[in-house]
Amino acid sequence: TTKIAIFASGSGSNFQAIQTAIENGKLDAEIGVVVTDKPDAYVVKRAENFGIPVFSFVAKQYESKADYEQEIINILKEHEVQWVILAGYMRLIGNTLLSAYSNRIVNIHPSLLPAFPGKDAIGQALEHGVKVTGVTVHFVDEGLDTGPILSQAAVDVVEGNRSATEAKIHALEHELYTSTLQKLFKKEIKLFH
Ligand code: GAR
């Protein structure tokens with residue numbers, strides 16, 4: 001069983017999908033702790049409902065990114081976390097955390113990268129008028145949504161309908177993230193470069 005931490009800043013629907021897949025025996029993992037930079041985010045409620053510990057922090061209360069990332073690393077070590085799983089964590093990972101968890105940090109992004117990195121990828125795709133968008137699971141490096149890609153899946157845009165497009169993307173995210181993590185932890189896919 002692989003011990004993981006989920007990092008999230010928002011609703012936490014991906015957190016919930018991962019925890020549900022674990023409980024249903026579809027993902028051989030255990031969430032040791034949820035880390036959030038938004039103490040009021042709904043993900044905190046969801047984690048509490050599952051009885052999973054939460055570490056909340058407020059970045060501006062620290063002198064530097066290195067300072068709060070070192071505190072996060074201490075928490076991860078306490079919980080014997082092996083992999084860091086970003087699920088709507090809206091903050092760049094710094095060198096401190098990247099070197100402590102080298103090639104052990106994964107992210108999900110709601111577009112077919114390298115298209116539409118950064119914030120509001122779904123809005124960016126609709127604004128651009130693409131007909132197909134999707135979901136990417138990738139390793140995290142120092143860039144913004146730039147690390148090596150592990151898996152992707154496509155979604156047809158529902159024209160003129162943001163909420164329907166969003167719903168399709170979120171449903172696909174939940175499916176793709178859990179199946180990709182299972183393959184990664186079972187060493188059926190790995191980093192080749
Ligand atoms: C997800 O769509 C995720 O792909 C996106 O935030 C959402 C979080 O939803 N992440 C990014 O945009 C990262 N650049 P959730 O809180 O319901 O899991």
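User: Which elements each supply at least two residues of the shell around the ligand?
Analyst: Helix 1, strand 5 and helix 6 do. Helices (H or I, at least four residues) and strands (E, at least two) are DSSP runs, numbered from the N terminus. Before we go on: this is a predicted model, where local features need pLDDT of at least 70 and side-chain atom pairs count only at pLDDT 80 or more, while totals for chains, interfaces and linings use all residues. Residues are numbered from 1 along each chain as its sequence is written, and side-chain values use heavy atoms, with hydrogens and water left out.

User: Ok, and which residues come nearest to the ligand?
Analyst: G12, S13, N14, P110 and E173, out of 14 residues around the ligand. Being near here takes a heavy atom within 4 Å.

User: How much of the ligand does the protein bury?
Analyst: The protein buries 88% of the 450 Å² that the ligand exposes when taken alone. Those areas come from the Shrake-Rupley method with a 1.4 Å probe.

User: Which space does the ligand take?
Analyst: The largest pocket. A molecule sits in a pocket if more than half of its atoms lie within 2 Å of the pocket's grid points. A pocket is an open set of points on a 1 Å grid over the protein atoms alone, where a 1.4 Å probe fits, with protein on both sides within 12 Å along at least five of seven lines; lining residues have an atom within 4 Å of a point.

User: How much space is in the largest pocket, and what lines it?
Analyst: About 660 Å³, with 32 lining residues; G88, Y89, M90, I108 and P110 lie nearest the centre. Helix 6 gives the most to that lining, 4 residues.

User: And the second largest pocket, what lines that?
Analyst: That pocket holds about 210 Å³, and its lining includes T2, W83, N103 and R104.

User: Switching topic: where is P114 found?
Analyst: In the loop between strand 5 and helix 5. The peptide bond from L113 to P114 is cis, with omega near 15°. F116 lies in the loop between strand 5 and helix 5 too, and phi of F116 is near 55°, a positive value in a residue other than glycine.

Technical notes: Points joined across faces, edges and corners; volume = space filled by probe spheres on them.
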